[in-house]
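Try each task before you read its solution.

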Amino acid sequence: LHNNLQLQERFLEDQIHRAAGILMTNATSLRLPEEGFGRVTALFPVFSMMNHSCCSNTKTLMNPDHSQEVHAQVLIRAGEEVTNQYLKVLQPTPERRSFLREKWFFDCLCRRCSSPTELGSHLGSLLCQRRRCQGVVTAARPLDYSSDYCCQQCGATVTRQEVTASLQAAARLVEVTRPGEGEVEHHERVLDALSNVLHTNHALLLEVKQRLGLLYGNVKPWLWAELGRPAKERKMQVCGEVVNCLACLEGGYSMARTGMMAELTHARVLLAREDFAGGRVTRKVLGDTVIQAKFLMMHMAYQTRKIAGNG
């Protein structure tokens, strides 16, 4: 503004920094067509006064005309604070709190951040490596950035440095594919290798399960018609585990949960039809499964249109 636009007389340096700070901590990015537009940020004065919570009670919608709507996700009682969420739900507490402090300059103290188990989701929990224990290991003081971890079963302490090293090694394992290894084989190998290190709901494993839920039945050579019974049931298992974990963290509509629920529902119907054709279930069981699936898919489609601003 000073050097290129020569606006030194109009805007003081302190004013520029203050405006930049307000936009950085309160504004919202707008999605505009790639051609003909630059990067655009908008400041919504009322919306910016809402506080963040990692277990928020609202969902924010952006309409085609760039106006915003805030919808309740759960029942909000009189006098209860209305909150929104700045981050993706599938991030464990240390990652969320560090990013919130770096970008928005505050330390989140919400129910989820204060909970060692992240409200029972165990998104950041590990497993105890003591012989014959395998208890759940969680942060001893979740709101302390340097907190050590503690096994809830045997009481063993794991240092923050040891936890960080384990998670870094796990992340490398997720990213590196062996030569000649297919995607499904890679993800299943990773889950097996980390099943004794991380809680089954840990964020790293949930991301792998999400990918598997989408791969099984949808890509060659794992198309539904080519899958054996164990692989079909495996698809339903990983989808169900993701859905159940996300239900601990998000009330109401969730885009991530909806995607997995759609895969799970479709698989249930296909498997029910196969079982009926093979005489393993009755026509009533098949009919009930199809009706439940249609009702669920209609509900999810309605919610998706509403979130997209088209309904």
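Helices are DSSP runs of H or I with at least four residues, numbered from the N terminus. Axes are lines fitted to C-alpha atoms, for helices over the stretch in contact, and angles run from 0 to 180 degrees between N-to-C directions. This is a predicted model: local features need pLDDT of at least 70, side-chain atom pairs count only at pLDDT 80 or more, and totals for chains, interfaces and linings use all residues. Residues are numbered from 1 along each chain as its sequence is written, and side-chain values use heavy atoms, without hydrogens and water.

**Exercise 1.** Describe how α7 and α8 cross.

Solution. Step one: find α7 at residues 229-249 and α8 at residues 255-277. Step two: their axes come within 9 Å and cross at roughly 145°. Step three: list the contacts (heavy atoms within 4.5 Å). M236, V243 and L246 are among the α7 residues that meet α8, whose side includes M260, L264 and L271.

**Exercise 2.** Count the disulfides (pairs of cysteine sulfur atoms within 2.5 Å).

Solution. Step one: check C128. Its closest cysteine sulfur, in C133, is 3.8 Å away, too far for a bond. Step two: check C248. The nearest cysteine sulfur, that of C245, is 5.8 Å away, so C248 is in no disulfide. Step three: the count is zero.

**Exercise 3.** Is E181 buried or exposed?

Solution. Step one: take the cut-offs. Buried means under 20% relative accessible area, exposed over 50%, partly exposed in between (1.4 Å probe, protein chains only). Step two: locate E181 in the loop between α4 (160-175) and α5 (183-194). Step three: E181 has a relative accessible area of 18%, so E181 is buried.

Technical notes. Helix = DSSP H or I, 4+ residues; strand = E, 2+ residues; numbered from the N terminus.
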